Amino acid sequence: MPWRELNRLQGWLMPPTMDELLPEDHPARVVAAFVDSLTPEDWTAMGVALEPQRMGVPAYHPRALLGVWLYGFMTGVRSSRKLEAACREQLPYLWLAGGQQPDHNTLWRFYQAHRAGMRGLLRKTIEAAAVLDLIDWDLQAVDGTKIQGDASNRLTFNEEQLQRLEERTLREIDHLEAAHDIGNASAPNLTAPIAEARTSLHRIRMAQHQLQLSANQHFVSLVDADARMMRRPHGGTVTGYNAQAVSARLRAKGREGESLLLLAAEVTQSPVDTGELPRLVDAAAEVGRAQLTVADAGYFSADTLGLLRERGMPVVMPEGRTFKDHPYHWRHFRYEPERDRYICPEDKLLKRRQQKFTRQTPAKLYGADPADCRVCPAFGDCTTSELHGRTITISEQSEVLEQHRRWMQTERADAALRRRPGLIESVFGIIKERQAGHRFLLRSIEAVEAEWSLLATAFNLRALSKHSRRLLELLASEPPTPATE
């Protein structure tokens, strides 16, 4: 078999444009169309002024810089230095930048100045999918994942460890200052090490102050004070953040494959998911409202069920650990509404004793006669209180819990629960592996929120690129923001 001719100096017979080298269905075209479709109001919301300055050296257009960053988040290139190299070496980046090669400082300054405003781009991707009628609003799934922050477990300490570190740093400062005072002309200058040690001492004391102010925080990072030490579901700990997401399925048409779309993306410092569901459901409902939400047992709480019930938002959520199967659980007690009393499985009466509050929620306390409980064969299993006997507390939340338990036994709830893993868990795998989102590169909760939102925006653009023809037609139907020469 003969070889094809290899000539690295071969010239172009008919010089093509850069546009001809990029396939028509390439994801970079979706990014460019999305950026070009942004209105002046969208740019203003990001803090970008499209009107150029009349004096000075011409600057790179914001459309080029934003396109490069979005495509970088799509492909896992999230470092400004790597983006600089990509703009020199990779065709999609060259095409997005119009053949220009912005340096890493220019890229970083743009990202640093406008990343908070870029959080609004996620909603623009959802609106585009909604206009195309691609979102399946029947079911949405909620879940969270622990992501390593720009901090190390090695530099995360509790109060006792900080105390020992403070004492060691003070001894080090005393030693350096003593050596500095008696130093001669040939001795090294210790001014810089002393200043560095004093800076470390200041950070240690700020960390101690932070722990004293927060009763629920037991560890603090000297690198990122907003990061929290969290346990991973499969073992180990991470000093980072709890990233939350809401996803729904995109409808597949023709040859377009099935994919998922993120309807909301939030970040919390809490190591557990309890209490986060209402906020996520509200954020997802800003563009459209799903008929049903499914979440795992980590989100379960009576307060959450009550809030969602008030808002008319049905949710499928397993209760997790419960004692409902215990033979003397209060659910097995029979209620007589006409006499406002309960009868236990051993036919003992529990009369209403008083009105009380449970977590600031009105509740009723019912109790049996202690004498009846002491001679009951279930004493020791049902209750161990010889003084008060068996008591149960019934609140409005108890009624909500009962309704939710009956709902969870329906076929519809069971079917939705089985669909949950396929609707949300693959999202985190794609973000972490294909978009290099296995750790955050920025520090502070505000910066991490913007970073997570951009990862979600890029995830949606990846999903919408499967519908590139329809999306490009939609985005082209509105006049793009004109480029300013």
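Tutor: A cavity is a set of grid points where a 1.4 Å probe fits but cannot get out. Please keep in mind, as we apply that idea here, that this is a predicted model.

Student: How many cavities of 30 Å³ or more does a search of the whole structure find?

Tutor: The search finds two.

Student: Which residues lie nearest the centre of the largest cavity, and which line the second largest cavity?

Tutor: Around the largest cavity there are 13 lining residues, with Cys344, Cys373, Cys376, Cys382 and Arg390 nearest its centre; by class, this lining has nine nonpolar, one polar and three charged residues. The lining of the second largest cavity includes Gln140, Val281, Arg289, Met313 and Pro314, and its classes come to seven nonpolar, four polar and one charged.

Student: How much space lies in the largest pocket, and what lines that pocket?

Tutor: A pocket, unlike a cavity, is an open set of points. The largest pocket here contains about 890 Å³ of space, and of its 35 lining residues, Ala59, Tyr60, His61, Pro62 and Leu65 are the closest to its centre. The elements that give two or more residues to this lining are α2 (27-36), α4 (62-75), α6 (91-96) and α7 (104-114), with α4 giving the most, five residues. The lining divides into 20 nonpolar, 10 polar and five charged residues.

Student: Which residues have the most contacts inside the largest nonpolar core?

Tutor: In soluble globular proteins, nonpolar side chains tend to be buried together. In this model the largest nonpolar core has 104 residues, and those with the most contacts inside it are Leu66, Leu70, Leu121, Ile135, Leu263, Leu277 and Trp452. Its largest share, 12 residues, comes from α16. A second, separate core of 14 residues includes Trp330, Ala368, Cys376 and Ile392. Returning to Ile135, its contacts beyond four places in sequence include Ala248, Leu250, Leu261 and Leu263, as well as Arg249 and Arg251.

Student: Is Glu449 buried or exposed?

Tutor: Buried means under 20% relative accessible area. Glu449 has a value of 19%, and therefore counts as buried. This residue sits in helix α16, which covers residues 445-464.

Student: With which residues is Glu449 in contact, leaving aside its neighbours within four places in sequence?

Tutor: Those residues are Arg119 and Val267. With Arg119 there is also a polar contact from side chain to side chain, at 3.4 Å.

Note on methods: Residues are numbered from 1 along each chain as its sequence is written. This is a predicted model: local features need pLDDT of at least 70, side-chain atom pairs count only at pLDDT 80 or more; totals for chains, interfaces and linings use all residues. Side-chain values use heavy atoms; hydrogens and water are left out. Helices (H or I, at least four residues) and strands (E, at least two) are DSSP runs, numbered from the N terminus. Buried means under 20% relative accessible area, exposed over 50%, partly exposed in between (1.4 Å probe, protein chains only). A polar contact is a pair of N or O atoms within 3.5 Å; within protein, one must be able to donate a hydrogen and the other to accept it, and residues adjacent in sequence count only if both atoms are side-chain atoms. Contact means heavy atoms within 4.5 Å. A nonpolar core is a set of buried Ala, Val, Leu, Ile, Met, Phe, Trp, Tyr and Cys residues joined through side-chain atoms within 4.5 Å. On a 1 Å grid over the protein atoms alone, a cavity is a set of points where a 1.4 Å probe fits but cannot get out, and a pocket is an open set with protein on both sides within 12 Å along at least five of seven lines; lining residues have an atom within 4 Å of a point. Grid points are joined across faces, edges and corners, and a volume is the space filled by probe spheres set on the points. Ala, Val, Leu, Ile, Met, Phe, Trp, Tyr, Cys and Pro count as nonpolar, Asp, Glu, Lys and Arg as charged, and the others, Gly among them, as polar.
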